[in-house]
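This report goes through a protein structure by topic.

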Amino acid sequence: MGFGSVWRHRLGKCYETGCPTGAVYYNTTGITVNGQIRQRPQICGYARFDTIGGFDPNRLSRMRGRVFECAEPSVWMGYNKLLFRRILSRGERPECFLVVAKSEFVGQLLVGKQDWRSPGTRLLSLSETVGQQEAMLLMSIGDWIRSSLGHLELGLSAMCRPLTCLVPRAAE
């Protein structure tokens with residue numbers, strides 16, 4: 001699992017019924033502008049994590065490689081959103097991965113060009129300015145994106161297990 005650069009949170013609420021809710025954390029893309037991480041959204045979207053579902057913002061490294069039950073991706077008020085409901089038990093196999101692609105590592109994504117991504121790849125969020133990009137994508141093993149460096153395919157290898165990694169795909 002990847003995380004975008006920008007985090008926001010909302011503290012939990014206590015309702016008249018006495019049922020408290022946990023804090024909620026929102027993650028999206030950002031890039032460095034004058035030494036600060038800033039959103040420069042071209043495609044607006046975010047991943048939402050609820051602490052009541054087991055998400056621990058103080059232990060992000062422990063959240064990587066975990067499998068979450070998620071709602072279907074949707075659009076709300078013009079924003080792409082993905083709700084991570086709860087952490088599943090270890091051993092569950094994921095259907096897809098949250099991948100963060102930064103131009104400094106994968107090159108410039110060819111967003112908007114024909115066939116810049118595989119049909120199953122979903123773009124949740126994209127921040128971009130002055131040659132910098134950060135994209136948050138939902139991908140399954142074998143899905144791919146195209147960048148200035150060529151085709152990059154999502155795969156798992158012994159070198160990056162249990163994290164996901166993008167690997168160059170042979171030209172067709």
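Which residue forms a salt bridge with D56? The partner is R59, and the closest N and O atoms of the pair are 3.3 Å apart. The model is predicted.

## Salt bridges

The whole structure holds five salt bridges. Another salt bridge joins R48 and D50, with 3.0 Å between the closest N and O atoms. R48 is partly exposed at 24% relative accessibility, whereas D50 is buried at 14%.

E69 and R85 also form a salt bridge, their closest N and O atoms lying 3.8 Å apart. This pair links distant parts of the chain: E69 is in strand β7 (residues 68-70) and R85 is in strand β9, 16 residues apart. Both ends are partly exposed, E69 at 27% relative accessibility and R85 at 41%. Through shared partners, salt bridges join E69, R85 and R86 into one network.

## Nonpolar cores

The largest nonpolar core has 15 residues, of which F49, F55, F68, F84 and L98 touch the most other members. Two or more residues of this core come from each of β6 (45-50), β9 and β12 (132-139). The largest contribution is that of β9, which gives three residues.

A second core is separate and has 14 residues, including V106, W116, L126 and L137.

## Buried asparagines

N27 is in strand β2 (residues 24-28). Its relative accessibility is 0%, so N27 counts as buried, the limit being under 20%. The N27 side chain reaches the backbone oxygen of V6 at 3.1 Å. Beyond four places in sequence, N27 is in contact with residues including F3, G4, S5, V6 and W7, as well as Y46, A47, F49 and M136.

N80 lies in strand β9 and is buried, with a relative accessible area of 18%. A polar atom of the N80 side chain lies 3.1 Å from the backbone oxygen of L124. Leaving out residues up to four places away in sequence, N80 touches I43, C44, G45, Y46, S74, V75, L123 and L124.

## Surface patch

W76, M77 and Y79 make a nonpolar surface patch of about 390 Å². M77 sits in the loop between β8 (74-76) and β9 (79-87). M77 counts as exposed because its relative accessibility is 65%, and exposed means over 50%.

How values were computed. Residues are numbered from 1 along each chain as its sequence is written. This is a predicted model: local features need pLDDT of at least 70, side-chain atom pairs count only at pLDDT 80 or more; totals for chains, interfaces and linings use all residues. Side-chain values use heavy atoms; hydrogens and water are left out. Patches are made of residues with over 30% relative accessible area and no salt bridge: like charges are joined within 9 Å, nonpolar side chains (Val, Leu, Ile, Met, Phe, Trp, Tyr) within 5 Å. Accessible areas come from the Shrake-Rupley method with a 1.4 Å probe; for residues, only the protein chains shown count as cover. A salt bridge is a side-chain nitrogen of Lys or Arg within 4 Å of a carboxyl oxygen of Asp or Glu. Helices (H or I, at least four residues) and strands (E, at least two) are DSSP runs, numbered from the N terminus. Buried means under 20% relative accessible area, exposed over 50%, partly exposed in between (1.4 Å probe, protein chains only). A nonpolar core is a set of buried Ala, Val, Leu, Ile, Met, Phe, Trp, Tyr and Cys residues joined through side-chain atoms within 4.5 Å. A polar contact is a pair of N or O atoms within 3.5 Å; within protein, one must be able to donate a hydrogen and the other to accept it, and residues adjacent in sequence count only if both atoms are side-chain atoms. Contact means heavy atoms within 4.5 Å.
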